Amino acid sequence: MKFSNIVAIVTDLRLSIQQAVRPTLMAIIKSPTLIFRPRALSRLFFYHVWTLFGPGINANGNEVKSNLITPYAKGVVLDIGAGLGHTALYLSPSRVRKYVALEPNVLMHPHIREAAAHVGFSEESQTLLILACGAEDWESIALAIGGQNRVDTIVSVLTLCSVPEPERTIKALADKVLKDGGQFIFYEHVASKRPDVRFWQWFWSPIWKICFDGCVLDRPTDDYIQKLENIWETSPAINDDEDRRGIWGLEGEDKEHLFWHQMGRLIKCSI
């Protein structure tokens, strides 16, 4: 593995610290009790990090998300880990009845409202619902949307790297929140299949997760999703652009990249 690929992450770590340390310290000075609230402190720090990184990451993934989300997302769409609301920009109001943005970091909520309004979703029209719980809290999600199995489309973009108990969370969302026949669409960075790359993902993760609100580089999220064989339709992968299904990689991506991506669209079995 090239040394440049191993240490490239240092630049992002440096930028994140430069961006977030000062405003976070200022917030602590104004409210010293933040020191005793590590979860709130982490989210404050990450908010400042993500306002720097988020727009560029969204722009870099524009083509991927335009092809993965826009043609397929429909009905009630649950966006787990909505961040700054960028997923809303890939939704078509003619196909999507309601955009449910799940984001436990309330500092992000104004940005979600702004992005959603840009494409026509609003709380006033009841086409936008913002929830402050985490993806692992499926019961609160179900309660907010009117019951279990009410979501037509679940979208996860660079989120499952940081949710607690990812296997249990993914299974609960698919089993308890997604409708029969509904679809699970994801675009995530995951554990590399190469042992050398995976070692460095493991090496950097403890530092990375401090700056990026729990993000883990070596999490095999694609494997967690794929092995729910009793939930997804078992038909072979379909590469037809009109109805693409299965799990696939990012074409042309450097296999030595510490942020190795997988994406997919899976359909829940109908009873």
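Helices H6 and H7 are roughly parallel to each other, a label for angles under 35 degrees, while over 145 counts as roughly antiparallel, 65 to 115 as roughly perpendicular and the rest as oblique. Helix H6 covers residues 138-145 and helix H7 residues 166-177; they pack at an angle of about 30°, with their axes 10 Å apart. Here a helix is a DSSP run (H or I) of at least four residues, numbered from the N terminus. Axes are lines fitted to C-alpha atoms over the stretch in contact, and angles run from 0 to 180 degrees between N-to-C directions.

This is a predicted model, where local features need pLDDT of at least 70, side-chain atom pairs count only at pLDDT 80 or more, and totals for chains, interfaces and linings use all residues. Residues are numbered from 1 along each chain as its sequence is written, and side-chain values use heavy atoms, without hydrogens and water.

Which residues bring H6 and H7 together? Trp138, Ile141 and Ile145 in H6 meet Ala172, Leu173, Lys176 and Val177 in H7, where contact means heavy atoms within 4.5 Å.

Now to the cysteines. The whole structure has zero disulfides, a disulfide being a pair of cysteine sulfur atoms within 2.5 Å. Cys133 is too far from its closest cysteine sulfur for a bond.

Key
Helices (H or I, at least four residues) and strands (E, at least two) are DSSP runs, numbered from the N terminus.
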